[in-house]
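Please open the model in your viewer and keep the sequence panel beside it. The tour below goes from one selection to the next and says what is found at each stop.

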Amino acid sequence: METRTIIPTTLAATAAVAAMLAWAQGNDRVAFPENYKGGIHYATVERGNIREEIYANREAIEAANKGQPLPSGTVITMEDFRDGRLFRYIVMEKRQGWGERYAQDIRNGDWEFQSFQPDRTVNRSENVTRCMGCHKAQVRNDHVFTLDRMRSAKLSQAESSLRHAALMPRITDSLTQALLRTWHEGTN
Ligand code: HEC
């Protein structure tokens, strides 16, 4: 009789502890940014056998260029190489309201942090409160160590997409002409 009540309670307690551990070691919010290379590569940092390549989404670089705060939806992705081999990816992502669940002494604005293995799965053995502890020191730079680099980054990829956009009217014109031609041919 007693075991019946004990077992569910134990299971519930175990699930709660597991959930807390999962929360402490990586979080459920930051997914791997599969398209990070479609953003802007804005910095390379080299130190001994470490090389870091840092990317951010275009909207974030555009805001930084204008001296504006990094917008909700900003994703910064770092490839971390050791001796030339990919060791891990680390990512920080900002979304409005995300910081609310943290105590003030841990909270980094609305940023969440995540570490990924080279196969892009979450590294659960990484305690993200460590990330937050160190990045908290950059509070004046929106918790981003390389904010200056973002501010001075060139939007080369964005510029080329603007050039692409500038071609659009001409493409549309010739498309329209082609459509008009077929239409005329069809009615003649
Ligand atoms: C001991 C301090 C420290 C810890 C812990 C730390 N970082 Fe950083 N992080 C830095 C520094 C310093 C930089 C700037 C690049 C450099 O000098 O290597 C940086 C850069 C970054 C960047 C690029 C944007 C920026 O702030 O410049 C990301 C993304 C990042 N870290 C994510 C993480 C994540 C995720 C973790 C935890 C898994 C983490 N960091 C833990 C110090 C730290």
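**The sheet**

Begin by selecting the five strands, which form an open sheet in the order 1-2-3-4-5 with antiparallel pairing; strands here are DSSP runs of E with at least two residues, helices are runs of H or I with at least four, and both are numbered from the N terminus, while two strands pair if DSSP finds at least two bridges between them. Strand 1 and strand 5 are the edge strands, each pairing on one side only. Neighbouring strands of this sheet are turned against each other by 15° on average, direction ignored, where the axes are lines fitted to C-alpha atoms and angles run from 0 to 180 degrees between N-to-C directions.

This is a predicted model, in which local features need pLDDT of at least 70 and side-chain atom pairs count only at pLDDT 80 or more, whereas totals for chains, interfaces and linings use all residues. Residues are numbered from 1 along each chain as its sequence is written, and side-chain values use heavy atoms, with hydrogens and water left out.

**Along the strands**

Select strand 1 and strand 2 next: they run antiparallel and are joined by seven bridges, and you can pick out Ala43 with its bridge partner Ile54 in strand 2. These two strands form a hairpin with two residues between them, and Gly48 in the turn has a positive phi of about 55°.

Move on to strand 2 and strand 3, which pair in the antiparallel sense over seven bridges; here Ile50 has Arg82 in strand 3 as its bridge partner. Strand 3 is in turn joined to strand 4 by eight bridges, again antiparallel, and Val75 is partnered by Glu93 in strand 4. In the hairpin of strand 3 and strand 4, with two residues between the strands, Asp83 takes a positive phi near 50°.

Finish the sheet with strand 4 and strand 5, which pair in the antiparallel sense over six bridges, among them that of Met92 with Phe113 in strand 5.

**The ligand**

Now select the ligand and show the residues around it, of which there are 21, with Arg47, Cys131, Cys134, His135 and Thr146 coming nearest; a residue counts as near if one of its heavy atoms lies within 4 Å. By class, this shell has 13 nonpolar, four polar and four charged residues, with Ala, Val, Leu, Ile, Met, Phe, Trp, Tyr, Cys and Pro counted as nonpolar, Asp, Glu, Lys and Arg as charged, and the others, Gly among them, as polar.

Elements giving two or more residues to the shell include strand 1 (40–47) and helix 3 (128–135), and helix 3 gives the most, with four residues.
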